[in-house]
Amino acid sequence: ANLVSLDNSDTAYTERLAGLEASLRSIQSLAISRSGGPFVRLRGVVTLTDPLYLQDATGGIAVNMLSSALLNLGDEVELTGRVVANGPAPVFQASGVQLLWDRTPSVPASITFTQAASGTFEGSLIESHGRLLSKTVSSDGMITLELEDRVQRFNVIVAQGLSNSVFR
């Protein structure tokens with residue numbers, strides 16, 4: 001993995017490594033606890049702003065930072081911080097952000113439910129087509145959509161606050 005640890009107090013060492021970045025796929029292979037993994041640097045494109053998601057060619061991750069209001073879809077950014085365990089998926093706890101440049105927003109990959117179930121596209125912006133069979137809302141605010149395509153049934157679980165009108 002090409003992870004860059006920034007905990008080293010040797011400034012010259014960290015400056016030499018400034019060109020190396022962690023891919024999102026390599027981040028997910030780290031041993032992560034609730035207190036967080038090693039301090040690393042990520043570069044990616046903003047694919048969702050509320051909640052904030054960052055994606056590179058290898059995958060995507062939710063980002064928690066104090067103020068994401070200045071970021072727009074398509075912004076390429078470099079973040080520093082730690083990956084923390086937070087429920088079923090890791091979250092990047094950003095302590096620093098640098099806007100690199102504006103880009104065209106990422107186009108979602110159009111995939112089948114079978115491809116989605118493989119986990120290959122986990123954390124990535126995707127689109128898929130199916131027929132809605134049912135919708136349930138749990139007491140903790142999670143929406144479960146039961147969908148089917150020609151091959152299989154599939155459940156999509158999302159937080160209720162993302163955009164409630166879409167799920168009516």
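A contact here means heavy atoms within 4.5 Å. This is a predicted model, where local features need pLDDT of at least 70, side-chain atom pairs count only at pLDDT 80 or more, and totals for chains, interfaces and linings use all residues. Residues are numbered from 1 along each chain as its sequence is written, and side-chain values use heavy atoms, leaving out hydrogens and water.

Q: What share of the contacts with a separation of 6 or more comes from residues 24 or more positions apart?
A: In the protein chain, that share is 48%.

Q: What makes a residue count as buried, and what percentage of the protein chain does?
A: Buried means under 20% relative accessible area, exposed over 50%, and partly exposed in between, with a 1.4 Å probe and protein chains only. By that cut-off, 33% of the 168 residues are buried.

Q: How many helices and strands does the protein chain have?
A: Helices are DSSP runs of H or I with at least four residues, strands are E runs of at least two, and both are numbered from the N terminus. On that basis there are three helices and 10 strands, in the order α-α-β-β-β-β-β-β-α-β-β-β-β.

Q: How do you know that β9 and β10 pair?
A: Two strands pair if DSSP finds at least two bridges between them. Strand β9 (residues 142-148) and β10 have seven, in the antiparallel sense, so they count as paired.

Q: Why are β8 and β10 at the edges of their sheet?
A: The open sheet runs β8-β9-β10, with antiparallel pairing. β8 (131-137) and β10 (153-159) each have a single partner strand, so one side of each lacks a neighbour in the sheet.
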